[in-house]
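Here's a two-chain model to explore together. Take a look at the sequence and the structure first, then read on.

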Amino acid sequence: MKLTKFAAIAAAALTVASPVLADLVFPSLSYRTGPYAAGGIPFADGYADYFTLVNERDGGIGGAKAKVVECETGYNTEKGVECYESTKGMGALVYQPLSTGITYQLIPKTAADGIPMHTMGYGRTSAANGKVFRNVFNYPDNYWNGASAIVNHLLEINGGDIKGKKLALVYHNSAYGKEPIRTLEALAEKHGFKLTLLPVDHPGQEQKSQWLQIRRERPDYVAMWGWGVMNPTAIQEAANIRFPMENFIGIWWSGSENDVKPVGMAADGYKAVTFHNVGSDFPIFADIQKYVVDAGKAAGAGDQIGTVLYNRGLYAAMLAAEAVKKAQAIHGTKDINASMMRDGMEALEITEDIMAAQGMPGFGPSFKVSCENHGGSGTVGVQQWDAKAGKWNLISDFKPTDGDVIGALIKEDSMKYATENNITEGCN
Amino acid sequence: MSAEFYFGVEVFLNGLMAGVMYSLVALGFVLIFKASGIFNYAQGVMALFAALTLVGFQNGQIPFAHLINTIFGTELSTFGWTLPAFAAILLTLGVMILFAVLVEKLVLKHLVNQEPIILFMATIGLAYFMEGFGDLMWGSDIKKLDIGIPQGGNRWIEDHTAFLGGDNFYGFYIDTLDIYAAVIAAILVSSLVLFSKYTKTGRALRAVADDHQAALSVGISLRTIWVIVWAIAGFVALVAGIMWGSKSGVQFSLSLIALKALPVLMLGGFTSIPGAIVGGLIIGVGEKMFEFLIGAPFLGGATENWFAYMLALMFLVFRPQGLFGEKIIERV
């Protein structure tokens, strides 16, 4: 009797939990709890709100409703893998793991299951080589584009010559933080600047030694590859030793409001590279207000709209929706599966017209994906914090990065992976 | 003397300052362990919760606003007023005392005479509960904590020491916030020592620490003592939360400062208040000097956490009770 009741309850729960078959399912591996929740919440809100908007305003994507299935990872790799396993059977079209650790675990799994994964601005950089990583996409930018963009910015403000200059890299002492080192070393050799590496142990609340070393060695510029509490602590320490804030530049994961607001006015002038625009001065935000927030359908409290990480989630969802449209066009059906979604992602082309049509003119770079290039254009912009106004400003266009250096490194790393995993490079 | 020598002195001084910050966290552990034999896993989360509450009061934030808005469809966030730092600290202290009463009534009372490991497990549960409760009450966004303590390199010290090491030396760098932390820690430890030595309640605390059964037999209320100890530990957590929160904002990683206190406790002993301070200073200086002399130049850096725990491990091998801990001899 008890078993029958249990079975009935389980069946009812499954009915409620499972999406309608015709839905386009987008699992959201979010982290709304734990030490990194402040970064995870706005991204998850932006990602969900975009799909709510297209459902409410446009009736879905190509006539099919989008459904976001959220699963809490707590930014924990094991939980992330559990989330993948528990949601992949729901008709998942694409995964955005939002964690480099989870990404590395899911690369072989998604390859085996034939589900594409989009790791925008994080994950395994060499996944840009689509001939090896057929199911992984990291357009429009990867970590090495970020490293190159930082150097390009320094070249730009120094009239094209940074020979003899000193750059210190303050980085999270983890696989993520070490990602830019090879690229920066190659660029240091190419441009003749001196690179100093300063690792910071997790979580990064204590950085006195690193900043005393910076004070002693007086580098001209400091770059940062941090996450979570490491970022505001570093910016505060830089302010404490009176390091010029305009000479301090972070990767996009060190460039949100969470990183500068705790430091107050002292963070004024701090820079970060970015692959999408900032603020809420785009037509789409009026639609989000009307169709999502005012309708009481916002994913969060509505207080994150227009923040850097909300915009990043919004942008990721827009790129996913555009890939769906491409897949629907290629296969002639509105009800696509993961394999079709992969085809759509590989044929994706984002133009200024497409972004403008979505109410996001100039929101990100224009780029085209192909089998050979899953990494997109690799163009990167620079944003700067205005503490008085309490907002980020985009201070440059999205500009190309060093394709020669990055391309060679991607080739080398992806071929190493291909050899280790018996993958034959190719497009079919 | 060369500039390099003075840089070493600078690292040494900053190690002392960092040690004081570690000691502030370690003190809370010592107080509770000394009085009740409980290793309070929740001490780091208590610092986080205290800091969240303080910022919430300062900013006039409505507690549980997000929950209320979700249930009732309202758009509440703040009361519309702000509180001066001193008033907010007093109110937060009140919350931490209330917290101590509730912990005693809802958790500890039911676990009297249980094995220490059971009490330890209870504090793990308490830590997770408080982390979620703090999130629900005040939100998980990162908050700026400012109670008026200045930050940044102390100009006076820099200017008056710049002549020492020649052109390449810029004067000793000491963060003004760290100087405040050192003064506050000195006052805190002196007050705690005076309180435990010269007040009736303090003597009762020491009696309970020495022998629960004997203390009970002379009429000391174990439950009252536990409330007092947890309230004092709550106050110490508030001080630690203020100092660490001022450095890096109030966010959930603040609870991880407990990791920095563990080697201090292993070195200084779990039952000694001066031990927490001396242990903190040794760990702070040791890890900073090791990083300066060996870690950064030869090992690629980021050796501080490793060195702190290695140093603590070495002490454990030769003096398991720590520098100032009591050696427990149990006779059959």
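What follows is a short tour, from ground rules to a single residue.

## Ground rules

This is a predicted model, where local features need pLDDT of at least 70, side-chain atom pairs count only at pLDDT 80 or more, and totals for chains, interfaces and linings use all residues. Residues are numbered from 1 along each chain as its sequence is written, while chains are lettered from A and ligands numbered from 1 in the order in which they are written.

## Chain B as a whole

Let's begin with the overall picture. Chain B has 13 helices and 0 strands; here helices (H or I, at least four residues) and strands (E, at least two) are DSSP runs, numbered from the N terminus. The C-alpha atoms of chain B fill a box of roughly 65 × 65 × 40 Å along the principal axes.

How does the radius of gyration of chain B compare with the globule rule? The radius is 21 Å, close to the 20 Å that the rule gives for 332 residues, so chain B is as compact as a globular protein of that length. (The radius of gyration is taken over C-alpha atoms, and the rule is 2.2 Å times the number of residues to the power 0.38.)

Of the 332 residues in chain B, 49% are buried. A residue is buried if 20 or more other C-beta atoms lie within 10 Å of its own, exposed if 12 or fewer, and partly exposed in between, with C-beta atoms placed from the backbone. Among contacts in chain B with a separation of 6 or more, 74% link residues 24 or more positions apart. Two residues are in contact if their C-beta atoms, placed from the backbone, lie within 7 Å.

## Where the chains touch

The contact takes 37 residues from chain B and 35 residues from chain A. On the chain B side, H1 (3-36), H3 (65-72), H10 (222-248), H12 (273-298) and H13 (304-318) each supply at least two residues. Which helix gives the largest share of the side of chain B that touches chain A? That's H1(B), with 5 residues.

By class, the side of chain B that touches chain A has 12 nonpolar, 15 polar and 10 charged residues. For the classes, Ala, Val, Leu, Ile, Met, Phe, Trp, Tyr, Cys and Pro count as nonpolar, Asp, Glu, Lys and Arg as charged, and the others, Gly among them, as polar.

## The sheet in chain A

Now over to chain A. There, 7 strands form an open sheet in the order E6-E5-E7-E8-E9-E12-E13, with mixed pairing; two strands pair if DSSP finds at least two bridges between them. The edge strands are E6 (194-200) and E13 (391-394), and each pairs on one side only. The twist averages 25° from one strand to the next.

Strand E7(A) (residues 221-225) has 5 of its 5 residues buried. Tyr221(A), Ala223(A) and Trp225(A) are on one side, and Val222(A) and Met224(A) are on the other. E7(A) runs parallel to E5(A) (residues 166-172), joined by 5 bridges, and pairs in the parallel sense with E8(A) (residues 248-250) over 3 bridges. Val222(A) is the bridge partner of Ala168(A), and Val222(A) also stands opposite Phe248(A) in E8(A).

Further along, E8(A) and E9(A) run parallel, joined by 2 bridges, with Ile249(A) partnered by Lys271(A). E9(A) (residues 271-274) then runs antiparallel to E12(A) (residues 381-386), with 4 bridges joining them. Lys271(A) has Gln384(A) as its partner in E12(A), and Val273(A) has Val382(A). Both faces of E9(A) are covered: Lys271(A) and Val273(A) are buried on one side, Ala272(A) and Thr274(A) on the other.

How are H12(A) and H13(A) arranged relative to each other? Helix H12(A) (residues 308-331) and helix H13(A) (residues 338-346) pack at an angle of about 110°, with their axes 7 Å apart. Axes are lines fitted to C-alpha atoms, for helices over the stretch in contact, and angles run from 0 to 180 degrees between N-to-C directions. The two helices are therefore roughly perpendicular to each other (65 to 115 degrees; angles under 35 count as roughly parallel, over 145 as roughly antiparallel and the rest as oblique).

The residues of this contact include Ala323(A) and Ile330(A) of H12(A) and Met340(A) and Gly344(A) of H13(A). They divide into 7 nonpolar, 2 polar and 2 charged.

## One residue up close

Finally, find Thr82(B), in the loop between H3 and H4 (85-106) of chain B. Is Thr82(B) buried, exposed or partly exposed? With 14 other C-beta atoms within 10 Å, Thr82(B) is partly exposed. Leaving aside neighbours within four places in sequence, Thr82(B) is in contact with Gln58(B), Asn59(B) and Gly60(B).
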